[in-house]
Number of protein chains: 2
Amino acid sequence: MPKSEFRRNLITKRWVVIAAERSRRPLELRHMSVLEQKNPDICPFCPGNEAQTPPTILSYAKDDGSGWKIRVFANKYRALSIEGKLDKQKRGIFRNMNGMGAHELIVTTPEHKTLYELSDSEMNDTLWACKDRMLDLKKAVDEGEPKIYYIIIFGNQGETAGGSQKHGHLQLIGLPIAPEDSWKELSNCEEYWDEENECLFCNLTAQESEEKTRIVSENDNFLSICDYSGKFPFETWILPRNHRPLFEDSTDKNIRALAEVAMDTLRRIGKALNYPPFNLYFHNTPLHDRNHDRYYHFNIKIIPRLSQPAGFELGTGFYINPIIPEDAARILREVKL
Amino acid sequence: MPKSEFRRNLITKRWVVIAAERSRRPLELRHMSVLEQKNPDICPFCPGNEAQTPPTILSYAKDDGSGWKIRVFANKYRALSIEGKLDKQKRGIFRNMNGMGAHELIVTTPEHKTLYELSDSEMNDTLWACKDRMLDLKKAVDEGEPKIYYIIIFGNQGETAGGSQKHGHLQLIGLPIAPEDSWKELSNCEEYWDEENECLFCNLTAQESEEKTRIVSENDNFLSICDYSGKFPFETWILPRNHRPLFEDSTDKNIRALAEVAMDTLRRIGKALNYPPFNLYFHNTPLHDRNHDRYYHFNIKIIPRLSQPAGFELGTGFYINPIIPEDAARILREVKL
């Protein structure tokens with residue numbers, strides 16, 4: 001590979017500069033391990049402190065009945081409100097509407113530990129909770145309220161990744177509109193379908209399985225890869241092997257397989273890179289719009305926060321990734337767990 | 001205003017959640033003043049240490065001849081290379097090309113201080129250096145090499161804004177393609193032109209001048225505003241009052257007026273918010289494509305880094321801004337300098 005290369009894949013259609021030379025810069029790859037994040041005096045997510053957070057929406061009991069193992073509630077500092085009617089306005093060149101939607105918090109374990117430290121079984125329960133909440137919101141939308149078009153599930157671990165609590169949790173936000181970047185992936189895949197009559201995600205999975213150089217972890221049902229044109233160093237995507245457009249349609253077996261690949265991937269990232277702050281998010285098809293099922297697969301993207309987007313990235317939407325994705329994948333693959 | 005509101009303007013066409021309730025979160029607005037950033041043992045940008053950086057491309061001498069006041073050189077850790085021919089390739093669903101382009105560094109003062117601390121006259125010299133470099137690269141492109149389509153000038157001050165050096169500097173990157181987000185603004189403005197036969201930036205400036213609630217600083221030629229649908233808290237745009245598509249066409253008088261508004265704005269942000277890390281970038285029309293001159297104004301965007309984009313923002317391109325822009329503008333306007 002030359003000193004630097006522009007790359008894009010057809011899913012995001014974003015050009016990224018893979019600039020191997022820049023990884024020599026003095027400041028790269030410095031961070032505090034999230035395992036060392038200061039513990040709060042009282043963790044609002046630990047059992048016994050439920051009164052510090054809004055009422056429980058959903059919880060799963062431990063097998064021995066000694067308390068909850070998963071707990072979901074509305075985000076205390078929520079960005080969106082589920083009540084009211086959608087009201088759009090315009091004034092000159094400005095547009096606004098009230099902030100309708102859902103904003104929930106999913107505590108992934110009763111133990112005070114990070115997402116890196118979940119067991120496969122805890123991740124399995126977490127994914128089930130995500131599925132249950134999506135199906136429940138889908139039903140509510142069917143019945144008329146709230147007006148949710150798209151649900152995004154995401155996690156922030158570590159302060160520099162926007163995670164204010166160390167205790168492992170995910171968040172769910174339901175939006176009345178399609179968010180721009182998720183929508184762009186859907187429409188790029190639609191364009192490819194129109195031209196090729198093939199599913200771009202099926203082709204991506206096939207090409208990655210054949211080239212093998214970017215695979216991090218895999219089992220019969222899922223694989224994780226360092227994306228060919230990842231915007232961030234060690235950016236990793238988890239993909240279903242088969243054509244699966246909707247996360248919430250996952251079977252018991254599929255959720256177990258997804259939990260296994262997700263945790264194997266997170267453990268490799270943690271061990272290789274000293275447990276960096278990270279974000280993860282689920283990309284899915286819209287809640288009720290089934291037009292996209294022919295050409296999209298739900299997927300999970302994991303972004304270790306080893307560097308910050310700076311002026312160039314914020315100003316252009318164009319990212320400079322200082323680590324060659326094939327090198328990143330090899331490093332993660334070779335971790336001994 | 002309700003607890004939260006979705007907003008967009010027609011230039012970026014991005015929906016943003018203005019979520020006033022979230023600013024109550026414990027972690028918001030914590031940062032170290034960039035004035036307190038640790039000084040390096042040897043600053044490569046200070047006079048006397050020029051040998052630590054690549055050769056000078058452009059410099060302005062001090063009036064008394066006692067050394068340089070502005071110095072430009074190729075970035076030592078450059079993302080792009082100016083030599084070679086553009087070579088595009090495809091492999092399955094992947095696309096790549098070699099990383100052609102320019103990457104330069106503009107040291108804005110011989111003194112070891114931050115961008116916040118520049119005098120109006122130092123900012124004036126800096127803007128002249130930006131103009132000179134753009135005109136020089138434009139000429140080179142006219143003569144055939146390198147293949148640059150779009151130039152972005154940006155600055156990163158403070159480590160969490162990606163600025164590895166405290167000593168004030170800007171960077172210039174020339175790209176062979178149009179970067180996605182800058183391109184999107186151009187095409188949104190084109191769409192508006194096609195529909196309304198009016199320049200969207202002229203209308204924005206008129207509406208802001210009339211409403212006055214988002215103005216931070218102004219003089220006869222420029223104004224700065226907290227953008228109605230700013231993605232980040234205290235995001236501030238500097239706009240020419242009149243129809244000015246190209247930064248590099250600025251007259252001496254205009255550059256002086258721009259330096260004045262830029263420094264007044266930066267000083268207000270610094271004093272009000274304890275000198276937070278920030279990014280700034282210039283949005284301009286493409287170097288040689290004059291189709292956009294009817295409907296675009298060059299502008300500078302300043303992003304104080306008070307919070308980090310997290311999973312939701314990275315996953316959706318949808319931003320949550322916890323500070324109402326009208327409140328932010330009032331706070332900045334009321335700063336006593």
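Helix 1 (residues 120–142) of chain B packs against helix 4 (residues 252–273) of chain B at an angle of about 125°, and their axes are 8 Å apart. The model is predicted. Two packed helices are described by the angle between their axes and the distance between the axes. Angles over 145 degrees count as roughly antiparallel and those of 65 to 115 as roughly perpendicular. Helix 1 of chain B and helix 4 of chain B are therefore oblique to each other. The crossing of helix 1 of chain B with helix 4 of chain B is right-handed.

Helix 1 of chain B contributes Asp120(B), Met123(B), Asn124(B), Leu127(B) and Trp128(B) to the contact. These residues meet Ile255(B), Arg256(B), Leu258(B), Ala259(B), Glu260(B), Ala262(B) and Met263(B) of helix 4 of chain B. By class, the residues of this contact are eight nonpolar, one polar and three charged.

In chain A, strand 8 (residues 150–157) is mostly covered, with eight of its eight residues buried. In a regular strand the side chains alternate between the two faces of the sheet. In strand 8 of chain A, both faces are covered. Tyr150(A), Ile152(A), Phe154(A) and Asn156(A) are buried on one side. Ile151(A), Ile153(A), Gly155(A) and Gln157(A) are buried on the other.

Strand 8 of chain A has antiparallel partners. Five bridges join strand 8 to strand 9 (residues 169–175) of chain A, and the two run antiparallel. Here Ile153(A) has Leu172(A) as its bridge partner. Four bridges join strand 8 to strand 13 (residues 278–283) of chain A, again in an antiparallel arrangement. Leu280(A) in strand 13 of chain A stands opposite Gly155(A).

Note on methods. Residues are numbered from 1 along each chain as its sequence is written. Chains are lettered from A and ligands numbered from 1 in the order in which they are written. This is a predicted model: local features need pLDDT of at least 70, side-chain atom pairs count only at pLDDT 80 or more; totals for chains, interfaces and linings use all residues. Axes are lines fitted to C-alpha atoms, for helices over the stretch in contact, and angles run from 0 to 180 degrees between N-to-C directions. Angles under 35 degrees count as roughly parallel, over 145 as roughly antiparallel, 65 to 115 as roughly perpendicular and the rest as oblique. A crossing is left-handed if the near helix is turned anticlockwise from the far one by less than a right angle, and right-handed if clockwise. Two residues are in contact if their C-beta atoms, placed from the backbone, lie within 7 Å. Ala, Val, Leu, Ile, Met, Phe, Trp, Tyr, Cys and Pro count as nonpolar, Asp, Glu, Lys and Arg as charged, and the others, Gly among them, as polar. A residue is buried if 20 or more other C-beta atoms lie within 10 Å of its own, exposed if 12 or fewer, and partly exposed in between; C-beta atoms are placed from the backbone. Two strands pair if DSSP finds at least two bridges between them.
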